[in-house]
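Where do the charged side chains of a protein chain pair with one another, and how accessible are the residues involved?

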Amino acid sequence: MREVTDRNGLRPHLRCGIAVVAAGYSDTDRTWTLSTTTGELIRTGAVVWALGQLHRPAIPRLRGTQTFGWPAFHSARWEHTADLSGQIAVVGTGSSHR
């Protein structure tokens with residue numbers, strides 16, 4: 001994704017890791033005004049709502065999770081420091097269940 005973003009000159013137009021708390025559209029000048037959690041006001045002609053619907057993990061209540069002896073985490077909260085050598089991991093949208 002980084003390669004595609006850089007190749008198409010999109011990086012300066014992206015805001016990652018912040019949330020939009022308010023959005024308003026002006027019919028007069030056909031622009032959006034966005035307010036973010038960082039206090040930034042962004043005025044733009046287009047908005048791509050990349051909501052990441054699976055970013056809030058649904059963790060099932062399973063017996064034995066407190067005493068499980070291996071790293072266990074949801075793919076939406078990936079533990080990059082976990083040593084998974086020789087382990088099995090299930091990753092992807094199919095591994096989430098509500």
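A salt bridge is counted here when a side-chain nitrogen of Lys or Arg lies within 4 Å of a carboxyl oxygen of Asp or Glu. In this predicted model, three such salt bridges are present.

One of them joins glutamate 3 to arginine 7, with an N to O distance of 3.2 Å. Both residues belong to helix α1, which spans residues 2-7. They are four residues apart, about one turn of the helix. Glutamate 3 counts as exposed because its relative accessibility is 60%, and exposure begins over 50%. Arginine 7 is likewise exposed, with a relative accessible area of 57%.

Another salt bridge links aspartate 6 with arginine 11, and their closest N and O atoms are 2.7 Å apart. Aspartate 6 counts as partly exposed at 45% relative accessibility. Arginine 11, at 45% relative accessibility, also counts as partly exposed.

The remaining salt bridge to consider is formed by the side chains of arginine 43 and aspartate 29, at 2.2 Å from N to O. Arginine 43 is located in strand β3 (residues 41-44), whereas aspartate 29 sits in the loop between β1 (20-26) and β2 (31-36), so this pair ties together parts that are 14 residues apart in sequence. How exposed are these two partners? Arginine 43 counts as exposed, at 58% relative accessibility, while aspartate 29 counts as partly exposed, at 33%.

How values were computed
Residues are numbered from 1 along each chain as its sequence is written. This is a predicted model: local features need pLDDT of at least 70, side-chain atom pairs count only at pLDDT 80 or more; totals for chains, interfaces and linings use all residues. Side-chain values use heavy atoms; hydrogens and water are left out. Helices (H or I, at least four residues) and strands (E, at least two) are DSSP runs, numbered from the N terminus. Buried means under 20% relative accessible area, exposed over 50%, partly exposed in between (1.4 Å probe, protein chains only).
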